[in-house]
Amino acid sequence: MAAPTTLTETLPHSLALINREHIASSQYITIVDRLQEDGFGLDEKKTLGITSAVSGEGVTTIACNLALHLAFFTDCRVILVDANHTSPRLHRIFGIGSKPGLADLLSETAMESECIHDLAGTDPRTLPRGLRRRIKRLSTDPNNPLLRGRTPSPISLSVLPAGAPNQNLVPSPTNKHDFIETVQSEFDMVIVDLPPILSQAKNNVNLASLDGNLFVIRAEQTTDQVTRKSLRTIQQQGGDLTGVVLNRCRKRFSRQNRSSPR
């Protein structure tokens, strides 16, 4: 896949965003640009984990929105994977069954066709109201300046829920069902919602098997000590740190706030 023009380059340089949702969208678009500049979604890198030190820092929200923006604003075929088996949420957000899912694939008790939900083939009326509204605003909102000059495209997003809880399932490089290898052959981008890195629960996914990881820090909550410990843990588990996302900042955006950070 050839490297596309970055999304922020296609936006008016003097674009002023007032609507909070549009501001948030511009920030996700910036993340998408940075990922593509780093080779993600362009056959070089396909798998990205998103984690934090502890729960409640916004990992699932960021994973969902990042997946939606990738699906709408790029040509990538995207799959969003719920690997947070201790606190799964993606099935509620997308209005699908929690199982079968990732744990069932790893334990080889279900097939991929039973576990992966393709939103493109889903009746929008069956989706939760909040998700329907979000998709509509991203794809067809005439008041969204980010959509100016863009032709709406069908959503290209699939979701793999967490599946049946299995605390004894330990990931292994020799696991008979390497779901990472499988989904990489079918999708351009794999976004993995991971459990907190400092959680005592065992992770169903090897960080070393992912092409990169985003670490989420909740502003004014996550301490420097906890952050340093988390980053060391990611490194010890063989994970490649792609970047850090500072979430829930209190900074007030003025009317002159621009969509591009440049």
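1. The buried residues of α8 are T227, S230, T233 and I234, where buried means under 20% relative accessible area with a 1.4 Å probe and protein chains only. Seen down the axis of α8, these buried residues fall within an arc of 125°, so they line one face of the helix; the arc is taken over the directions from the helix axis to the C-beta atoms.

2. This is a predicted model, in which local features need pLDDT of at least 70, side-chain atom pairs count only at pLDDT 80 or more, and totals for chains, interfaces and linings use all residues. Residues are numbered from 1 along each chain as its sequence is written, and side-chain values use heavy atoms, with hydrogens and water left out.

3. Turned away from the buried side of α8 is a face with the exposed residues D224, Q225, Q235 and Q236 (exposed: over 50% relative accessible area). Cover for the buried residues of α8 includes β1 and β6 (212–218). Helices are DSSP runs of H or I with at least four residues, and strands are E runs of at least two, numbered from the N terminus.

4. Just after α8, G238 has a positive phi of about 85°.

5. In helix α7 (residues 179–186), the residues F179, I180 and V183 are buried. Down the axis of α7 the buried residues fall within an arc of 95°, so they line one face of the helix. E181 and S185 are exposed on the other side of α7.

6. Among the elements that cover the buried residues of α7 are β1 (47–52), β2 (78–82), α4 (102–106), β4 (157–160) and β5 (189–193).

Methods: Contact means heavy atoms within 4.5 Å.
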